[in-house]
Amino acid sequence: MSETALTPGTPEELAAGLGEAASRRQTITLGGRFSKNRMGGPVAASDVTVSTAGLTRVLTYEPRDLTISVEAGMPWIEFSRLLAANRQMVPLDPPFADLATVGGVLASNSSGPRRRLHGAARDVVIGMKFATLEGKLVQSGGMVVKNVAGLDMGKLLIGSFGTLAALAVVNFKLLPAPEVRRHFVLAFDTAEAAGAAVRAIRQSVLQPASLDLLNPPAAKRLGLDGYVVSVEAGGNPSVIERYERELKQIGPLTVAAIPLQEFTRNFLEEHAGGAVVRISATLSQAPEVVGRLTVPVVARAGSGVCYAHFAGAEAAAETVRGPWIAIMEFAPEALKATLDLWPSPGGDLELMRRIKRMLDPHHLLNRGRLYRHI
Amino acid sequence: MLSPEAKKKLAALLGPRGYLDRPEDLSLYEYDGSVDKARPEMVVFPRSTEDVVAIVKIAREHGVPLVGRGAGTGLSGGAIPRAGGITVGFARMNRILEIDLENERAVVQPGVVNLDITLAVQARNYFYAPDPSSQRACTIGGNVAENAGGPHTLAYGVTTNHVLGLEFVLPDGGLHNTGGKEGDLPGYDLTGLLTGSEGTLALVTKVIVRLMRQPEMVKTILAIYNAAEDCGRTVAEITARAITPVAVEMLDGVMLRMVEEATHAGFPMDAAAVLLIELEGLREAVEEQVEQIREVCQECRAREFRVARSAEERELLWKGRKNAFGAVGRVSPSYYVQDGVVPRTQIAPTLGVIGKVGEKYGLTISNIFHAGDGNLHPIILFDTHRPGDLEKAKNAGEEILRHCIDVGGSITGEHGVGMEKNELMDRLFSSDSLDMIRNFKLLFDPENRLNPGKVLPTGKGCLEIRQFALTGAAPIY
């Protein structure tokens, strides 16, 4: 990507490296382990590449406080293992879990099935330190779960694709892992029936961790037929039995885990020219998206986010234009520079650009990485 | 100074019933729930977003400061017009614009009272989760400004976790929208930045909130202790055993007696402390957790363990908790509520520290905690008529907060920094971090006219002045 590559070993070195490059007006490519180059806008050629992959320390972990502070380059898989060893979790379930870093998961706002119950990155991060192009380390939030001291600047970095600053340290709140986790699959002949099942579950007293809806092309990739509803429940054994009883009333049920966390990644690995459109739907629109598109669609039916998988970028380009709010989240790297990845940004894009200009006045950092608009 | 010309324009815009400017009326808007005061020069009551835009444009034209105000229940001086100017009261923008249960959302104006959202949807089994103790009075606009919490945020998160979109007016009069009913809109999370910005970046005119499905079962437990340390140990043990209550509130003996005299909720008059614990969820989960908590409480030497048997009993226990500040008002002429946060394992030692601070200053400090998430509310009792008492109370409060910082906590969990704690910010944040907050302030409000004098330290006694001058339009930095 560029001639100079930096892999700082401490947050201070990261800040210094960014500061030096910026003071020389060098363009910078910023990432962790670069596992998601097909995601977001194109990675432009740059003078310097900065990776946070060398920042791998656990800074503070007191399981009894239910909080942890880690450096941004820590591999997500190690992070998850450490928590699991203490029967705790940060249930983001990001794709590319075995390649990604903690910082990369946040910068791309990656999330997975269990966001229905536990939220996305914005809901589990309680503090962070980020390095700016001025060569400074800035802190937002802290190490306690309730904290309103100062502006919540950290929120801006989540989903920013490294266009504002570099994540150096991230603090999370932790959850105890449930005693039992079980997955259920319900299958239906029509989108309407599946949509009704999703609605019934959402409106019931059940509080499933995940609630996903797949159309037949997506189900077929997993060896299933029809419109499929996938539900994960957590809790004690009698809670799990209760889910089984209640879900049986809603449709034909099997107890089975289907591999949804890496559905998108697996698809992309099979389709070198493939593209994935992420549709930000409302909850009531999600079944409609699943019913109308003929390519494999996985809908996070409990949060409204739908992922439509295309074998080629052309068809994806058509879907991303509407009628729903959508972006082309993954696209072939060679085509990205010419594709319209984010056709209809909201009226708040100008404010976003003002923030970008404040933090990066010379437009040096991860140019175009935010879906080619920033 | 608000010029006669500016006043005239505002009066013409809003009509005779749309503003207040007589000194006796303005004096009602010089304070909030905190201990500081400053009088606005005019209070205006917009009825629509268009009114807000027009007010902001007039203020801009005349270089006048603006402060948003909901119900004035805030506890850090967030709604106090420190530099005078115009107070924008949102009391009349109090309509719930849309309830969309299919999408688990409501769209509301900023003056809607927090509890009114839940009241509007509870018959259909939904609720709005953040529940500050002042929820019968406080407004969503104020909640968004301060990123308000409440007892149940232990399980459900604070305001920022339940706000999905905002309409807002910037100090230049520009009207903007961000976020929406949909999940994961691409781009920077401006909603997240504005929530908790304490009215210093924008005036919010519309809020999209998340509604949640009511749980099947709720159980409320009162555990009574003869020693406060045992109470603290119970909280730590609940966490260690991965039991997940939705609220764990602690009241110490002083607090208990005041609350009981005021509400007759059935709290014991002679105990050292109690825990009020709530569990919600599926019947199978709640029933098991009640037994697990019973075990923990017994092991930690609770002298009594009561489970509320009816909705009425539960209501009464919560009434006692939520009216605690009112109960204090009955016995002490003045009180000062603090809002520190410590890591959960530091709760018991911090109780000891607070006791010592009270002894040092000769002041009674009662304690009411959101113990489950380490958010402490020491209430310092004092008498404004006794010379030096207010100073002592403020110093005692500051000493407690310094302890919170020293053990890795925060100076505010849910009340905000405001003009109460801005001088402590440089103990919590580096100068680089404070500079960045200032940069954001300048970006949104280059003339420093929106709620000036809040959040950032004024730099009293330091060489570097990070806060802006309160009066002029030009920032000093």
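This is a predicted model: local features need pLDDT of at least 70, side-chain atom pairs count only at pLDDT 80 or more; totals for chains, interfaces and linings use all residues.
## Helix H12 of chain B

H12(B) itself spans residues 324–331, and its buried residues are Ala324(B), Phe325(B), Ala327(B) and Val328(B). Because these residues cover an arc of only 155 degrees around the axis, they lie on the same side of H12(B). Gly326(B) and Arg330(B), on the other side of H12(B), are exposed.

An α-helix has 3.6 residues a turn, so residues three or four places apart point the same way.

## Extent of the interface between chains A and B

The size of an interface is often given as the accessible area lost when the parts come together. Between chain B and chain A the buried area is about 6,400 Å², and carbon and sulfur atoms give 57% of that area. Glu102(B), Asp184(B) and Tyr188(B) supply 14% of the area that chain B buries against chain A, more than any other three residues.

In terms of residues, 78 from chain B are in contact with 69 from chain A.

## Polar and charged pairs across the interface

Eleven salt bridges are counted between chain B and chain A. One salt bridge pairs Arg242(A) with Glu284(B), whose closest N and O atoms are 2.9 Å apart.

On the side of chain B that touches chain A, the elements giving two or more residues are strand E8 (163–169), strand E9 (175–179), helix H7 (190–194), helix H10 (283–299), helix H15 (425–428) and helix H16 (431–444). H16(B) gives the largest share, eight residues. By residue class, this side of chain B divides into 28 nonpolar, 33 polar and 17 charged residues.

## Arg202 of chain A

Arg202(A) belongs to helix H7 of chain A, which runs over residues 191–203. With a relative accessible area of 4%, Arg202(A) counts as buried because that value is under 20%.

Leaving aside residues up to four places away in sequence, Arg202(A) touches residues of both chains. In chain A these are Arg116(A), Leu211(A), Leu283(A), Ala301(A) and Gly302(A); in chain B they are Glu102(B), Glu104(B), Tyr126(B) and Arg213(B). With Glu104(B), the side chain of Arg202(A) makes a polar contact, side chain to side chain, at 3.2 Å. Another of the residues touched, Glu102(B), is one of the three that together supply 14% of the area chain B buries against chain A.

Terms used
Residues are numbered from 1 along each chain as its sequence is written. Chains are lettered from A and ligands numbered from 1 in the order in which they are written. Side-chain values use heavy atoms; hydrogens and water are left out. Contact means heavy atoms within 4.5 Å. Buried area is the accessible area (1.4 Å probe) that two parts lose on being put together, summed over both. A salt bridge is a side-chain nitrogen of Lys or Arg within 4 Å of a carboxyl oxygen of Asp or Glu. Helices (H or I, at least four residues) and strands (E, at least two) are DSSP runs, numbered from the N terminus. Ala, Val, Leu, Ile, Met, Phe, Trp, Tyr, Cys and Pro count as nonpolar, Asp, Glu, Lys and Arg as charged, and the others, Gly among them, as polar. Buried means under 20% relative accessible area, exposed over 50%, partly exposed in between (1.4 Å probe, protein chains only). A polar contact is a pair of N or O atoms within 3.5 Å; within protein, one must be able to donate a hydrogen and the other to accept it, and residues adjacent in sequence count only if both atoms are side-chain atoms. The arc is that of the directions from the helix axis to the C-beta atoms.
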